Amino acid sequence: MDLSIKIVSLHRKHNIYTMFIFNDKDSLEAFLNPLINQKKTIGFVPTMGALHEGHQSLIKKSVAENEITVISIFVNPTQFNNPEDLEKYPRTLDRDVTKVKEISDLILIYTPTVEDIYGNNPAAEQFDFDGLELQMEGKHRPGHFDGVGTIIKKFFSIIKPTRAYFGEKDFQQLQIIKKLVAKENLPVEIIGCPIHRANSGLAMSSRNERLSAEAKAKATYIFKTLQEAKEKFQQQSAKDVTQYVYDAFEKDPEFELEYFEIADEETLLPCIEKEPNKKYRGFITVFINGIRLIDNIALY
Ligand code: AMP
């Protein structure tokens, strides 16, 4: 066994768990290459850590569908346009390892340093995702999707997954990754996974950790409003439903609605006039107590 693989023992209650964590790409590649040569299927779940049940749902799917599952835990600096957001992003590696362990001992965790990924130059490649990157999150987080494309491309070249799992919670990201794979002809299947919600309806997110209990309760209003928007969209125009959502958030000064948009699922272009045979989704970004939360809902 490669000595550079760190064996982590987690003492939880009276049990001792051991599992593998790879801190650098060379040791991960050395471990994976023989398995790739044996044509084992590899599922990959990229995350930024602070794992929750939403992440766990992706990991479980990968474990069910592949012989090997690799998850990455890496807060990727090149996808943050706001330095404060990067700095405050929760980092909870010990807890994350325990959560992975709850699913299976056979999952490999790759938690690289910034240097391991970027050397001494953490810079993003520039991508053209046929305009998908110019909509919604792209407008509000300049450079974000270049950072996402850069890190995912690097991960794919290190891990060489058969399948990679992405949540519909970040629906625009999911479409962009599918575009990346199609345009660059990458040999990986992209699997979209449904949004995992708390019983309250709030979409699970690592950023929820930064919400007070009160703010968390308040934030349930986001999904309630999305559900109302969906109902209204059956009868009303995109413009009227959009206005309805803006009015709904205007009422409460604790919310700051960054955008709500109804867009075509494939092109992510805004819906001006409803067209038959197109699938639309409502996309929302709201600040509550300075924390930026995103969510979306299928409107069909
Ligand atoms: P993140 O750690 O936020 O970068 O998320 C890693 C992956 O988990 C991404 O593909 C997300 O879309 C997905 N994810 C995050 N939250 C959820 C959720 N509530 N339900 C389903 N997938 C999620």
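This is a tour of a predicted model, taken as a series of selections in the viewer.

**Stop 1: the two domains**

Start by colouring residues 3-193 as domain 1 and residues 206-298 as domain 2, the bounds given by the domain assignment. Taken over C-alpha atoms, the centres of the two domains are 27 Å apart.

Next, select the residues of each domain that touch the other. On the domain 1 side there are 24 such residues, and they are in contact with 20 residues of domain 2. The size of an interface is often given as the accessible area lost when the parts come together. For this pair of domains the buried area is about 2,000 Å², with 50% of it on carbon and sulfur atoms.

**Stop 2: polar pairs across the interface**

Keep both sides of the interface on screen and show side chains. Eleven residue pairs are in polar contact between domain 1 and domain 2, with both residues of each pair at pLDDT 80 or more. On the side of domain 1 that touches domain 2, the elements giving two or more residues are helix 3 (83-88), helix 6 (137-140) and helix 8 (171-184). That side of domain 1 is made up of seven nonpolar, eight polar and nine charged residues.

Side chains of opposite charge can pair when their charged atoms come close. Between domain 1 and domain 2 there are five salt bridges. For a further salt bridge to display, select Arg95 and Glu209: their closest N and O atoms are 2.8 Å apart.

**Stop 3**

Now widen the view to the whole structure, which holds 22 salt bridges. Select Asp116 and Lys25, a salt bridge whose closest N and O atoms are 3.9 Å apart. Asp116 belongs to helix 5 (residues 114-118) and Lys25 to helix 1 (residues 25-37), and the two are 91 residues apart in the chain. Lys25, at 28% relative accessibility, counts as partly exposed.

Move to Arg292 and Glu137, whose side chains form a salt bridge with an N to O distance of 2.8 Å. Arg292 and Glu137 are both buried.

The next pair to select is Arg281 and Glu168, a salt bridge with N and O 3.7 Å apart. Arg281 is in strand 9 (residues 280-288), whereas Glu168 is in the loop between strand 6 (163-167) and helix 8; the pair is 113 residues apart. Arg281 is buried, at a relative accessible area of 5%, and Glu168 is partly exposed, at 21%.

To finish this stop, select Asp85, Arg141, Arg207 and Arg210 together. Salt bridges with shared partners join these four residues into one network.

**Stop 4: Gln56 in helix 2**

Select Gln56, which sits in helix 2 (residues 53-65). Is this residue buried or exposed? Gln56 is buried, because its relative accessible area of 9% falls under the 20% limit. Show the side chain of Glu102 as well: the side chain of Gln56 makes a polar contact with it at 3.3 Å. Leaving aside residues up to four places away in sequence, Gln56 touches Lys99, Glu102 and Ile103.

**Stop 5: two residues with positive phi**

Select Ala50, in the loop between strand 3 (42-47) and helix 2. Ala50 is not a glycine, yet its phi is positive, near 50°. Ala50 counts as buried, at 1% relative accessibility.

What is the phi of Leu268? Its value is about 65°, positive although the residue is not a glycine. Leu268 is buried, with a relative accessible area of 0%.

Conventions:
Residues numbered from 1 in each chain as written. Predicted model: local features only at pLDDT ≥ 70, side-chain atom pairs only at ≥ 80, totals over all residues. Heavy atoms only, no water. Domains from an automatic or database assignment. Contact = heavy atoms within 4.5 Å. Buried area = accessible area lost by both parts, 1.4 Å probe. Polar contact = N/O pair within 3.5 Å; in protein donor to acceptor, adjacent residues only side chain to side chain. Helix = DSSP H or I, 4+ residues; strand = E, 2+ residues; numbered from the N terminus. Nonpolar A, V, L, I, M, F, W, Y, C, P; charged D, E, K, R; others polar. Buried < 20%, exposed > 50% of the residue type's maximum accessible area, 1.4 Å probe, protein only.
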